[in-house]
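Visitor: I have the file open and would like to go through it piece by piece. Can you take my questions as they come?

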Amino acid sequence: AAAQMAAMQQPGAVPNAMPVPPAPSEPITPASLAAAPPEQQKQILGERLFPLIHALEPMLAGKITGMLLEMDNGELLNLLESPEALSAKIKEAMGVLQVHQQAAEEGAGDVGTVAN
């Protein structure tokens, strides 16, 4: 993230060359998100989601943000607008992480097998 911030602040960058994605202080809308190139859309969403997730789960915020970014952009916009939906998704992600963590602790080699 630090490298991305440094790249954004380089002098000589032309700010008005493309449609303008939302500034970090502005609310994100489907239209403003669509103005960003597809490869930047997830980054913009991730930059918005991370602080919200970090407030609830500071230790795993990066991992949870990465998991949520696998979702459709429309669903991610909904999470940004709905703290309840975001909280539910964070709990869901925590559950998945705990299952993986337990599986890793019980035997890293046989995650795909089910013990009887």
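Visitor: Which residues are buried in helix 5?
Guide: Asn73, Leu76, Leu77 and Leu79. Buried means under 20% relative accessible area, exposed over 50% and partly exposed in between, with a 1.4 Å probe and protein chains only. Helices are DSSP runs of H or I with at least four residues, strands are runs of E with at least two, and both are numbered from the N terminus.

Visitor: How do those residues sit around the axis of helix 5?
Guide: The buried residues of helix 5 fall within an arc of 155 degrees, so they line one face of the helix. The arc is that of the directions from the helix axis to the C-beta atoms.

Visitor: And what do they pack against?
Guide: The buried residues of helix 5 pack against helix 2, helix 3, helix 4 and helix 6. Contact means heavy atoms within 4.5 Å.

Visitor: Before more numbers, where do they come from?
Guide: This is a predicted model, in which local features need pLDDT of at least 70, side-chain atom pairs count only at pLDDT 80 or more, and totals for chains, interfaces and linings use all residues. Residues are numbered from 1 along each chain as its sequence is written, and side-chain values use heavy atoms, with hydrogens and water left out.

Visitor: OK. At what angle do helix 5 and helix 6 pack?
Guide: About 115 degrees, with their axes 5 Å apart. Axes are lines fitted to C-alpha atoms, for helices over the stretch in contact, and angles run from 0 to 180 degrees between N-to-C directions. That makes helix 5 roughly perpendicular to helix 6. Angles under 35 degrees count as roughly parallel, over 145 as roughly antiparallel, 65 to 115 as roughly perpendicular and the rest as oblique.

Visitor: Which residues meet there?
Guide: From helix 5, Asn78, Leu79 and Glu81; from helix 6, Pro83, Ala85, Leu86 and Lys89. By class, this contact of helix 5 with helix 6 has four nonpolar, one polar and two charged residues. Ala, Val, Leu, Ile, Met, Phe, Trp, Tyr, Cys and Pro count as nonpolar, Asp, Glu, Lys and Arg as charged, and the others, Gly among them, as polar.

Visitor: Switching to helix 4. Which of its residues are buried?
Guide: Ala61, Ile64, Thr65 and Leu68. They cover an arc of only 100 degrees around the axis, which puts them on the same side of helix 4. An α-helix has 3.6 residues a turn, so residues three or four places apart point the same way.

Visitor: What covers them?
Guide: The cover over the buried residues of helix 4 includes helix 3 (38–56), helix 5 (73–81) and helix 6 (83–107).

Visitor: How do helix 4 and helix 6 cross?
Guide: Their axes come within 10 Å and cross at roughly 105 degrees. Helix 4 and helix 6 are therefore roughly perpendicular to each other. By class, the contact of helix 4 with helix 6 has nine nonpolar, no polar and two charged residues.

Visitor: Last one. How many helices and strands are there in the protein?
Guide: Six helices and zero strands. Of the 116 residues of the protein, 26% count as buried.
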